[in-house]
Amino acid sequence: MIVAEQKPLEEIKELVGEAQKVLVVGCGTCVTVCFAGGDREAQILASSLRMSSKLDDHPQDVTDLTVQRQCEWEYLDPIGEDIQKSDIVVSLGCGIGVQAIAERFPETWVVPGLNTTFLGLPTEQGVWSERCAACGDCLLGLTGGICPIARCSKSLLNGPCGGSEEGHCEIDPDTDCAWQLIYDRLDSLGKLEMLMKLQPPKNWSTSRDGGPRKIIREDLQLAEEETTN
Amino acid sequence: MTEEAQKTLVGSNLEHVLQNGTFAVTGELGPPQSADGNVIREKLNLLKSYVDAVNITDNQTAIVRMSSIGAGTILVEEGMEPVIQMTCRDRNRLAIQSDLLGAYALGMRNVLCLSGDHQDFGNHPTAKNVFDIDSIQMVKMVADMRDKGLFQCGDEFKGQKPCFLIGAAAAPFADPIKFRPYRLGKKVNAGADFIQTQLVYDIEAFEEYMDKVRELGLHEQTSILAGVGPLKSPGMARYMKKNVPGILVPDKIIDRMSEAGKPWSDIKKEDRTKEDKKARSQAWRKEGIQICVDLIKELQKIEGVAGVHIMAIEWEEAVKPIVEGAGLHPRPEMKTPVL
């Protein structure tokens with residue numbers, strides 16, 4: 001899932017500024033599951049902004065709505081009127097949600113209420129960890145299902161640096177050394193010899209380094225008459 | 001000309017020393033956090049004629065310093081041989097290759113390929129890192145430039161190739177410890193001509209590592225220089241043991257350091273004068289140098305150890321007594337590369 005964290009209230013207030021009619025839009029997918037931007041968080045944020053604006057002596061009209069998925073226009077269109085009536089939208093979606101609103105409603109000013117942090121999973125109650133860097137050329141088949149791009153602090157491809165100690169990364173004792181995990185897993189599966197192969201420099205053109213990415217699936221594209229119907 | 005013969009044409013002093021089978025001594029010099037070239041010249045005078053080549057660190061511990069190649073140019077001018085340290089943290093494959101072309105043109109002939117300390121440790125922790133390639137891929141890239149005349153992308157060189165003696169680092173005691181000799185093997189297979197290890201204080205643990213290295217035959221394919229460094233105090237020894245990954249400091253070494261300062265440590269803290277503290281610090285440093293000398297003598301006995309790499313950063317004065325104490329002075333006459 002996409003994991004995000006709410007921005008500090010002060011920062012959101014700063015972004016909202018003097019706007020009179022404020023709409024907080026939550027998202028019912030990833031950010032709901034990571035307790036950052038779902039219906040509940042949208043309600044709490046709206047109420048915090050209302051109270052805070054009253055305390056600051058310029059009460060704002062703050063309402064909230066949550067859609068199933070902010071990252072698809074078809075879910076945003078039904079609340080289009082609410083969005084267009086607002087002076088400002090605070091999106092509690094990930095960065096994709098914020099941009100989906102900006103793109104679909106060019107007249108409306110939208111600001112982010114979250115910091116989109118990473119692609120990861122909950123590893124225990126209240127803890128989320130990064131797992132994927134979306135590099136566009138998956139290497140997990142070479143590393144026993146543990147990603148060194150996302151999980152090694154230096155994204156090394158040929159084994160651990162000298163900073164691996166007792167399973168931890170030298171940058172932080174709370175961070176696992178990805179290469180220790182890879183080593184242990186390949187060892188337990190009898191596949192250590194896979195680590196002996198020299199991995200060549202990675203082709204980063206499939207990642208963000210190659211510029212903004214787009215996938216076009218012609219087999220799924222609608223023919224022109226279908227799109228205009 | 002065979003590929004093997006081509007590999008010996010780097011022409012550096014370090015290569016010459018290693019090929020002659022002389023027990024090599026390299027030193028280390030940390031450039032200043034300023035643009036003052038005289039700092040390099042002063043430090044250099046403390047190392048000259050005591051080491052065969054001098055590593056110039058590359059923004060070590062991720063703190064901005066004068067560039068390795070910039071400082072290396074001063075060494076070349078002064079008739080000393082640099083080992084350019086090059087990290088993957090600050091440069092992508094374009095910048096590494098380009099910098100090495102420049103370094104070669106300026107007379108540098110040795111490079112040490114490193115992944116580099118994470119920027120989180122240094123004075124610009126909010127920086128973006130690069131890590132386009134890793135240290136092993138860098139070794140291979142530099143070897144391919146020299147041996148195959150190819151840029152990393154596969155394009156052929158049209159003019160002079162950069163021919164470097166290629167070094168890599170090894171951390172014999174870092175985790176997963178069983179993988180360490182094999183990781184060394186990967187570096188050797190990628191083309192590392194010489195290896196400089198992390199600081200060795202635990203001879204027994206290093207002997208075990210070298211047993212495995214010899215079993216894999218790696219000592220015959222590369223020159224292994226064991227890392228050594230003088231301790232300044234028992235506190236420094238304890239700090240390294242506890243906080244620096246991949247460094248083992250046996251208690252007997254910490255005890256030797258403590259013992260050396262005992263006459264002054266025994267004085268009650270409130271009665272200890274400035275002079276006492278100074279005398280204790282001197283006694284510690286003297287013992288630190290002696291421990292280093294003793295370690296080198298032990299390392300010389302280990303089959304497959306081709307030399308030592310003395311890391312006395314910010315204490316370059318220690319190199320002379322260490323090299324003399326270990327009976328490694330005078331050094332072979334400096335052979336300067338033909339430019």
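In this predicted model, chain B has a mean pLDDT of 95, with 97% of its residues at 70 or more. Where pLDDT is low, predicted coordinates should not be read in detail. For the complex, the predictor reports an ipTM of 0.94 and a pTM of 0.95.

The two chains meet through 25 residues of chain A and 26 residues of chain B. On the side of chain A that touches chain B, 12 residues are nonpolar, nine are polar and four are charged.

Chain A is divided into domain 1, covering residues 2-118, and domain 2, covering residues 133-210. Taken over C-alpha atoms, the centres of domain 1 and domain 2 of chain A are separated by 37 Å. Strand S6 (residues 114-124) of chain A pairs with strand S7 (residues 127-132) of chain A in the antiparallel sense, over five bridges. These strands, S6(A) and S7(A), form a hairpin with two residues between them. Gly126(A), in the turn, has a positive phi of about 85°, and Glu124(A) stands opposite Val127(A) in S7(A).

The largest nonpolar core has 95 residues, and Cys113(B) and Val142(B) are those with the most contacts inside it. Helix H12 (residues 274-300) of chain B gives the most to this core, contributing eight residues. A second, separate core has 35 residues, including Val16(A), Cys34(A), Leu45(A) and Ile83(A). Neighbours within four places in sequence aside, Cys113(B) is in contact with Met86(B), Ser135(B), Met138(B), Val139(B), Val142(B), Ile166(B), Gly167(B) and Ala168(B).

Two further positions in helices of chain B were examined. Ile254(B) lies in helix H10 (residues 251-260) of chain B. The C-alpha atoms of Ile254(B) and Met236(B) are 9.1 Å apart, and the two residues are separated by 18 residues along the chain. Asp294(B) is found in helix H12 of chain B and is partly exposed, with 15 other C-beta atoms within 10 Å. Between the C-alpha atoms of Asp294(B) and Asp251(B), which are 43 residues apart along the chain, the separation is 16 Å.

Some backbone geometries were also noted. Most residues other than glycine have a negative phi, and most peptide bonds are trans. In chain B, a cis peptide bond joins Asp175(B) and Pro176(B), with omega about -15°. Pro176(B) is in the loop between strand S5 (165-170) and helix H7 (180-190) of chain B. A cis peptide bond also joins His329(B) and Pro330(B), with omega about 5°, and Pro330(B) lies in the segment after helix H13 (319-325) of chain B.

In chain A, Phe35(A) has a positive phi, near 55°, although not a glycine. Phe35(A) is placed in the loop between helix H2 (30-33) and helix H3 (39-55) of chain A, and counts as partly exposed because 15 C-beta neighbours lie inside 10 Å. Asp57(A), also not a glycine, has a positive phi of about 70°. Asp57(A) is in the loop between H3 and strand S3 (61-67) of chain A. With 6 C-beta neighbours inside 10 Å, Asp57(A) counts as exposed.

Notes. Residues are numbered from 1 along each chain as its sequence is written. Chains are lettered from A and ligands numbered from 1 in the order in which they are written. This is a predicted model: local features need pLDDT of at least 70, side-chain atom pairs count only at pLDDT 80 or more; totals for chains, interfaces and linings use all residues. Two residues are in contact if their C-beta atoms, placed from the backbone, lie within 7 Å. Ala, Val, Leu, Ile, Met, Phe, Trp, Tyr, Cys and Pro count as nonpolar, Asp, Glu, Lys and Arg as charged, and the others, Gly among them, as polar. Helices (H or I, at least four residues) and strands (E, at least two) are DSSP runs, numbered from the N terminus. A nonpolar core is a set of buried Ala, Val, Leu, Ile, Met, Phe, Trp, Tyr and Cys residues joined through C-beta atoms within 7 Å. A residue is buried if 20 or more other C-beta atoms lie within 10 Å of its own, exposed if 12 or fewer, and partly exposed in between; C-beta atoms are placed from the backbone. Two strands pair if DSSP finds at least two bridges between them. Domain bounds come from an automatic or database domain assignment. pLDDT is the predictor's confidence in each residue, from 0 to 100.
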